[in-house]
Amino acid sequence: MWRLTLLDIKQRLRAQSVWIAILITVTITCFLFPGEKAGYRVIDINGYRGIYNSAWIGASLALVGSYLLSLFGYYWLSGSIDKDRQDRMLELIRTTGQSPQQYLLVRWIGHVFYLTLLALASLIAASILQYFLSPESPLVLSDYVLPFLLLILPSIFLTSAFILLMDTLQKPGATAKNWLYFLLWSLIAALGLTGFSAHTLVTTGMENDFAHLGMASSGSISIGFTPLKDVQEIVTWQGLKLSFESWLPVLYHLMATSVLVVMSLMRAKQVFLSSPSVVSKQANAAKALSKQTMLTKGLTKIRHFPSDLLALVGSSRFRAEVRFVEQTLNSRLFLTALGVSALSLLLPISAIQNGLLAVAVMIPVLMLARLHTVDAQSNIKELLKTTGQSGLQRMLRPLAMFYLVNLLLAGITLRFAIAGEITALLHWLAFLTISIFLPFLLASLTHSNKLFELTFISFWVAGILNKEPMADFVGVSGSEVAMTNTLMIAGFSVLASLMLTMVGNSGGVWRMKRIK
């Protein structure tokens with residue numbers, strides 16, 4: 001198994017995404033320790049921070065890095081089993097005699113290796129940074145290693161186990177699983193306050209130590225990138241004082257990791273199950289059709305209303321794209337969108353902005369995210385290029401999505417228009433534009449939805465939950481500056497998507513001429 005693990009690691013190290021992830025990790029590490037004139041702060045205890053010695057940098061890096069690796073690491077590494085299934089690698093692996101359990105263990109070890117690689121890159125970058133920020137402070141290796149073992153490594157084990165378990169589940173879809181993990185990640189972060197992780201232990205120890213260093217009262221620690229209003233006072237902090245009980249959260253993480261890995265191994269055989277035959281698919285389809293009720297037939301008619309409406313005014317090609325999008329929609333999400341739209345007509349504007357928008361913004365992402373990569377994954381995109389389709393014709397898919405989403409969520413648009421809330425109306429329409437064209441643009445460049453989904457979740461937390469105006473992409477803060485920024489991003493997304501399709505089409509035509 002170790003030979004297979006080494007082969008897997010070597011193969012994945014050749015991927016360009018690994019080195020891009022290391023570069024991004026090192027860059028973020030450099031921003032975690034701002035200078036006195038940087039204008040922002042990352043860790044603050046009532047206006048104080050520690051001098052940039054090994055103790056402060058090691059503890060700070062472990063606090064922030066464990067959260068970032070557990071969140072962003074999942075979105076970077078998840079979906080590897082689905083990719084193997086799509087590439088038919090699972091069938092090839094099965095012929096080698098490797099058991100399903102061995103395959104999953106190799107995957108888990110690989111996830112642990114790559115997240116540890118990012119963590120070590122961050123540690124090395126931080127130690128080099130210490131030399132420039134505080135050259136008079138000696139480099140103490142234990143001050144880096146102990147917080148790493150206490151916070152980062154247990155988080156890596158648990159995150160890798162979550163990735164493995166989520167990848168073994170064929171349902172729900174990838175987008176739903178991404179949201180599910182974010183909710184689980186938030187729950188684990190909350191459980192950390194009750195002692196599940198060592199974060200509370202570390203932060204409480206830092207607060208008490210700073211109180212003993214001359215502060216009037218016990219400090220309140222703040223973690224995050226925030227503007228610096230006043231100059232931070234700098235004190236010398238000598239590091240954590242750990243006891244045997246300090247390592248109990250590590251044991252909790254290892255126990256949880258073991259449970260998740262065992263649950264994944266119990267599903268190992270299902271991962272290798274072959275897809276059903278065409279005959280069985282046809283039989284299942286016929287059985288499902290025979291069980292259709294009047295209600296489902298009525299829902300089907302409602303579902304096809306947008307494309308039927310286009311029969312009067314739209315082109316047949318555009319109508320076909322809309323019908324294709326309709327066929328792929330989840331019925332529950334479709335009904336949820338109609339319910340949210342109808343509810344918005346009854347609620348006051350304040351209730352829409354403070355509550356309903358937080359739900360409404362998820363609908364386009366959950367409904368349509370996977371459609372942006374379906375052509376690339378099935379090689380239909382390459383086929384369309386050979387037909388000489390113009391850029392505008394290849395924009396029919398996102399235009400069809402935009403038309404459908406606006407129709408489903410028209411209630412919110414009408415409510416803002418009737419109330420005369422022009423700022424809220426423009427902000428909402430700009431968001432709908434971004435929700436379609438930005439993932440289309442990013443998926444065209446990366447052939448993946450992960451980058452957009454990760455960006456969306458980050459801004460959803462900062463802009464909607466925390467109501468930070470600079471991250472508000474839908475209008476919950478009522479800020480005109482946020483509305484202007486959203487409009488600019490929406491315009492950029494549309495223009496960049498159009499330019500990308502036009503350039504791609506020109507390249508395809510040039511290649512055809514060259515072959516001739």
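Which helix gives the most to the nonpolar patch? I started there, and the answer is α7, with four residues. The model is a predicted one, and I kept that in mind for everything below.

**Entry: the surface patch**

I listed the members of the patch: L141, V145, L146, L149, L201 and L242. Together they have about 470 Å² of accessible area at the surface. I then looked up L201, which sits in helix α9, residues 199-212. Its relative accessibility is 39%, so L201 counts as partly exposed, between the 20% and 50% cut-offs.

**Entry: the whole chain**

Next I stepped back for the overall numbers. I find 26 helices and four strands in the protein chain. Of its 516 residues, 45% are buried. The chain exposes about 26,700 Å², and carbon and sulfur atoms supply 67% of that. I also checked the contacts with a separation of 6 or more: residues 24 or more positions apart account for 80% of them.

**Entry: the core**

I went looking for the largest nonpolar core and found 125 residues in it. The ones with the most contacts inside it are V361, L368, F416, W428, F456, W460 and V474. Helix α7, residues 141-168, turns up here as well: it gives the most to this core, with 14 residues. Domain 1 (1-274) and domain 2 (307-504) both give residues to this core, so I note that it lies between them. As a reminder to myself, nonpolar side chains tend to be buried together in soluble globular proteins.

Setting aside residues up to four places away in sequence, W428 touches L357, A360, L409, I412, T413, F416 and V474. Two of these, F416 and V474, are also on my list of residues with the most contacts inside the core.

**Entry: L123**

Is L123 buried or exposed? It is buried, because its relative accessibility is 14%, under the 20% cut-off. I placed L123 in helix α6, residues 100-133. Leaving out neighbours within four places in sequence, I see L123 in contact with L61, Y144 and F148. I also looked up the pair L123 and G58: 65 residues apart in sequence, with 7.9 Å between their C-alpha atoms.

**Entry: around G39**

P227 belongs to strand β3, residues 221-227. With 62% relative accessibility it counts as exposed, so I marked P227 that way. Which residues does P227 touch, not counting those up to four places away in sequence? They are G39, Y40 and R41. For P227 and G39, I get 6.1 Å between the C-alpha atoms, across 188 residues of chain.

D230 is in the loop between β3 and β4 (233-235). It is exposed, with a relative accessible area of 62%. I took the C-alpha separation from D230 to G39 as well: 9.1 Å, for 191 residues apart in sequence.

**Entry: the salt bridge**

How many salt bridges does a search of the whole structure find? It finds one. R41 forms a salt bridge with D44, and the closest N and O atoms are 3.5 Å apart. I compared the cover on both partners: R41 is partly exposed, with a relative accessible area of 23%, whereas D44 counts as buried at 5% relative accessibility. Side chains of opposite charge can pair when their charged atoms come close.

Notes:
Residues numbered from 1 in each chain as written. Predicted model: local features only at pLDDT ≥ 70, side-chain atom pairs only at ≥ 80, totals over all residues. Heavy atoms only, no water. Core = buried A, V, L, I, M, F, W, Y, C linked by side-chain atoms within 4.5 Å. Buried < 20%, exposed > 50% of the residue type's maximum accessible area, 1.4 Å probe, protein only. Helix = DSSP H or I, 4+ residues; strand = E, 2+ residues; numbered from the N terminus. Domains from an automatic or database assignment. Contact = heavy atoms within 4.5 Å. Patch = residues over 30% accessible without salt bridge, like charges linked within 9 Å, V, L, I, M, F, W, Y side chains within 5 Å. Areas by Shrake-Rupley, 256 points an atom, 1.4 Å probe, with all protein chains shown as cover. Salt bridge = Lys/Arg side-chain N within 4 Å of Asp/Glu carboxyl O.
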